[in-house]
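Hello,

Here is the structure I promised to pass on to you. Please open it alongside this email, and I will go through what turned up.

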Amino acid sequence: MEGHLTYKIGEVDRQMFFGNYALEQTLTHFDASVTDLSDLLGKQLLPFLRIFIYHASAYPLLKKGEILDFTEFDVHDWIDNSGGSGGEFILTVSKEVFRVLGLNTEVTEQKKSKAES
């Protein structure tokens, strides 16, 4: 399980690595296990994505021994400043997260389209 994404946030190209470290840290944050993932995504999708983004962005820096130059609160700003929960950033990230987790986003998008019709 792994996914790489680079996204320009402000003046910084943020590298994100959606791998086992980020997933493990995210699940620990929610006191959950992999078997709880479906329920967690159904009930707390945005908080899950925010924490997963934080750890996925932290991993490349921590791996190189660098100090993080952002906090979980900054991740809120990244999301808000790029259109909020329906903005380009969160949509791009969520597609990668769903791909990495092996979840089908096409079915979800089809359901949304039918509901809007």
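**What was found**

Setting aside neighbours within four places in sequence, F52 is in contact with F18, G19, A22, L23, T26 and V97. F52 is found in helix α3, and with a relative accessible area of 0% it is buried. Its C-alpha atom is separated by 9.7 Å from that of F17, a residue 35 places away along the chain.

Before going further, please keep in mind that this is a predicted model. The average pLDDT of the chain is 87, and 87% of the residues score at least 70. Confidence is highest in helix α1 (residues 20–29), with a mean of 96, and lowest in helix α6 (residues 105–116), with a mean of 47. Over residues 107–115 the pLDDT stays under 50, and for that stretch the model has 1 contact beyond four places in sequence.

**The chain as a whole**

The chain holds 6 helices and 2 strands, in the order β-β-α-α-α-α-α-α along the sequence. It has 117 residues, of which 38% count as buried. Among contacts with a separation of 6 or more, 53% come from residues 24 or more positions apart.

Much of what follows concerns α3, which covers residues 45–63. Two packed helices are described by the angle between their axes and the distance between the axes, and I will take the pairs in turn.

How are α1 and α3 placed relative to each other? They pack at an angle of about 135°, with their axes 8 Å apart. That angle makes α1 oblique to α3, and the crossing of the two is right-handed. On the α1 side the contact is made by Y21, A22, L23, Q25, T26 and H29, and on the α3 side by F48, I51, F52, H55, A56, Y59 and L62. By class, these are 9 nonpolar and 4 polar residues, with no charged ones.

One of the α3 residues in that contact is H55. H55 counts as buried, at 10% relative accessibility. Apart from neighbours within four places in sequence, H55 is in contact with Y21, A22, Q25 and T26.

Next comes α4, residues 72–80, which packs with α3 at an angle of about 110°, the axes being 9 Å apart. The two helices are therefore roughly perpendicular to each other, since angles of 65 to 115 degrees fall in that class. Their crossing is right-handed. From α3 the contact takes in R50, I51, I53, Y54 and S57, and from α4 it takes in E72, V75, H76, W78 and I79. The residues of this contact divide into 6 nonpolar, 2 polar and 2 charged.

Is R50 buried or exposed? R50 is buried, with a relative accessible area of 15%, because the cut-off for buried is under 20%.

The remaining pair to describe is α3 with α5, where α5 covers residues 88–100. Their axes come within 11 Å and cross at roughly 85°, so α3 and α5 are roughly perpendicular to each other. L45, L46, F48, L49, F52 and I53 of α3 meet F89, I90, V93, S94, V97 and F98 of α5 in this contact. Its residues divide into 11 nonpolar and 1 polar, with no charged ones.

**A residue in a loop**

Last, have a look at S33, which lies in the loop between α1 and α2. S33 is partly exposed, with a relative accessible area of 30%. From C-alpha to C-alpha, S33 is 9.7 Å from L23, and the two are 10 residues apart in sequence.

Best wishes

Technical notes. Residues are numbered from 1 along each chain as its sequence is written. This is a predicted model: local features need pLDDT of at least 70, side-chain atom pairs count only at pLDDT 80 or more; totals for chains, interfaces and linings use all residues. Side-chain values use heavy atoms; hydrogens and water are left out. Helices (H or I, at least four residues) and strands (E, at least two) are DSSP runs, numbered from the N terminus. Buried means under 20% relative accessible area, exposed over 50%, partly exposed in between (1.4 Å probe, protein chains only). pLDDT is the predictor's confidence in each residue, from 0 to 100. Contact means heavy atoms within 4.5 Å. Axes are lines fitted to C-alpha atoms, for helices over the stretch in contact, and angles run from 0 to 180 degrees between N-to-C directions. Angles under 35 degrees count as roughly parallel, over 145 as roughly antiparallel, 65 to 115 as roughly perpendicular and the rest as oblique. A crossing is left-handed if the near helix is turned anticlockwise from the far one by less than a right angle, and right-handed if clockwise. Ala, Val, Leu, Ile, Met, Phe, Trp, Tyr, Cys and Pro count as nonpolar, Asp, Glu, Lys and Arg as charged, and the others, Gly among them, as polar.
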